[in-house]
Amino acid sequence: MSGTNAGVVVVGGGQAGFSVVQALRGAGYEGPVTVFADEPRLPYQRPPLSKKAHTEPEGPGVDLVPESFYRERDIDLRLGEYVAALDTAACAVTTGSGERVPYEHLVLATGARNRPLPVPGAELAGVHALRSLDDALTIGRALTTARDVVVVGGGFIGLELAQVAQAGGARVTVVELADRLLSRAVSPQLEEHLRERHERDGIRILTGTAIEQIEGKDGQVHQVVTGQGPLPADLVVYGIGATPRDELAREAGLAVDDGVIVDEQLRSVSDPRVFAVGDCARHPHPHADGLIRLESVQNAIDQGALVGRRIAGGAAGPYESLPWFWSDQGPVKLQIAGLRASTDEVRVVPGDSDTPERLAVYAFRDERLVAVETLNWPAEHLAARRLLQQNPPVSPADLAGSTLGALARARRRKEVRA
Amino acid sequence: MPIVIFELPDGTQRKVTADSGTVLMRAAVSNGVDGIVAECGGNASCATCHVYVDDRHSDLVGPPNDVEDEMLDFTAAERRPTSRLSCQVQVSDALDGLVVHIPEEQV
């Protein structure tokens with residue numbers, strides 16, 4: 001079944017899958033390229049979905065590229081078609097409609113799915129999670145009339161949606177089980193500022209609070225019963241994490257552990273013809289101690305591009321892109337560069353009197369800067385991304401009384417003089 | 001609708017028809033112009049949609065806004081007096097015939 005004419009099959013039409021095919025054709029790959037995208041619409045950007053209320057039925061213009069992009073590059077984009085099974089021995093996939101499609105290289109870019117809300121009443125009308133554009137439209141329409149919104153989960157999506165709902169005039173309560181917001185993702189120092197900012201905007205935040213059940217009237221959500229009492233609600237939005245869609249790989253016998261396990265080339269450790277990229281891949285990284293799985297646009301784009309270039313035969317080293325991330329929460333632009341896990345020293349620099357909304361949190365490990373969190377300071381974030389990839393590493397002493405922006409400018413001047 | 005010309009680092013030109021009111025980055029991406037990465041989707045977060053406005057048109061396009069101005073100090077390719085982030089440039093009929101140059105590097 002396999003052979004040089006079988007080409008590349010990409011499973012998944014999100015940011016990562018798109019990045020694979022863009023890089024394949026960009027690097028001159030001439031074999032057949034087929035993408036299975038289970039949603040019946042052109043691949044689109046997800047970040048905008050949680051940053052404003054979407055109400056236009058035809059969609060908010062978030063397509064990654066127009067249809068002509070695929071046609072001009074001879075990419076067989078199968079919208080609304082999913083892959084039901086994977087036969088790695090025969091190098092072929094079987095689609096939901098029973099078609100068998102051979103491959104020379106297979107790329108799994110299947111993404112993640114939302115964790116379901118495990119409480120009674122989660123099935124009531126007016127209780128939603130956000131992942132797809134359809135979800136965003138459902139929530140956007142509900143927000144036009146909602147008065148009391150309960151956001152379950154104080155993560156990135158939850159906080160972004162809380163600000164969207166608040167801006168739309170609803171009373172908003174965020175309920176988080178952990179004792180702080182974004183507990184796995186940001187430092188306590190940043191969290192404190194962020195929380196204060198959201199509360200100043202009128203968003204009520206209940207941390208350390210469990211949801212016991214959701215109660216309805218005539219099948220429609222009516223209130224949310226929490227460990228701190230009932231909250232009125234005509235709309236509940238939950239964002240309590242996601243799990244990788246790795247079942248195709250698991251059923252095919254590939255190594256899977258909360259994500260498809262790949263090597264530094266993003267190849268399945270079980271089968272060199274199979275790659276995994278984006279949210280569904282668990283991979284090594286030079287900045288991490290063990291294997292990690294990242295859910296971010298940066299990771300999806302960079303991993304997809306690396307695999308596309310590699311299959312096309314172009315130069316591609318191991319995957320070692322600097323992780324970075326952003327979350328726009330109403331008036332707050334939060335950005336993270338680097339991996340924050342296991343840091344031993346943290347320094348906080350607030351903005352000056354002209355820029356009181358700014359904040360930077362620098363995290364060090366063994367006297368080296370490893371991660372930088374910023375609020376409303378994109379220039380400092382960019383400086384962090386530059387410096388985190390340069391030698392020598394930034395030490396706490398380098399940053400004494402300074403910012404990364406100032407340090408980056410000084411280093412650049414030195415380079416120019418040298 | 002205004003026509004915008006993107007000149008790639010190798011000198012080739014891509015002429016695209018842009019909708020008035022859209023941003024320059026969007027016009028490039030939706031026409032498949034290589035070299036405008038726009039990782040953040042147009043939120044002035046990533047500086048991967050850096051362009052050099054042609055000298056003849058830089059007055060017409062105008063200077064960067066404050067946030068953009070600071071970010072332009074940290075673009076992958078060198079900053080020049082005509083540097084802009086294309087996600088922050090609104091296309092209008094007045095920009096018909098605009099030429100922008102795409103730098104070698106974005107990330």
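The buried residues of α9(A) are A:Leu404, A:Gly405 and A:Ala408. Viewed down the axis of α9(A), these buried residues fall within an arc of 100 degrees, so they line one face of the helix. An α-helix has 3.6 residues a turn, so residues three or four places apart point the same way. The other side of α9(A) carries the exposed residues A:Ala410, A:Arg413, A:Lys414 and A:Arg417. The model described here is predicted.

In chain A, helix α9 covers residues 404-417, with 14 residues in total. From its first C-alpha to its last, α9(A) reaches 20 Å, close to the 20 Å expected at 1.5 Å a residue. Its buried residues pack against two elements of chain A, namely β25 (368-375) and α8 (378-388).

A UniProt record, an unreviewed entry, places the feature "domain: Reductase C-terminal" at residues 324-400 of chain A. This span is 14% helix and 44% strand, and its end C-alpha atoms lie 24 Å apart.

The contact between the two chains takes 21 residues from chain A and 16 residues from chain B. On the side of chain B that touches chain A, the elements giving two or more residues are α1 (24-30) and α3 (66-71) of chain B. Of these, α3(B) gives the most, with three residues. The table divides the residues of that side of chain B by class.

| Class of residue, chain B side | Number |
|---|---|
| Nonpolar | seven residues |
| Polar | five residues |

Key. Residues are numbered from 1 along each chain as its sequence is written. Chains are lettered from A and ligands numbered from 1 in the order in which they are written. This is a predicted model: local features need pLDDT of at least 70, side-chain atom pairs count only at pLDDT 80 or more; totals for chains, interfaces and linings use all residues. Helices (H or I, at least four residues) and strands (E, at least two) are DSSP runs, numbered from the N terminus. The expected span of a helix is 1.5 Å times one less than its number of residues. A residue is buried if 20 or more other C-beta atoms lie within 10 Å of its own, exposed if 12 or fewer, and partly exposed in between; C-beta atoms are placed from the backbone. The arc is that of the directions from the helix axis to the C-beta atoms. Two residues are in contact if their C-beta atoms, placed from the backbone, lie within 7 Å. Ala, Val, Leu, Ile, Met, Phe, Trp, Tyr, Cys and Pro count as nonpolar, Asp, Glu, Lys and Arg as charged, and the others, Gly among them, as polar. UniProt positions are given in the numbering used here, feature names are shortened, and annotations may be inferred rather than shown by experiment.
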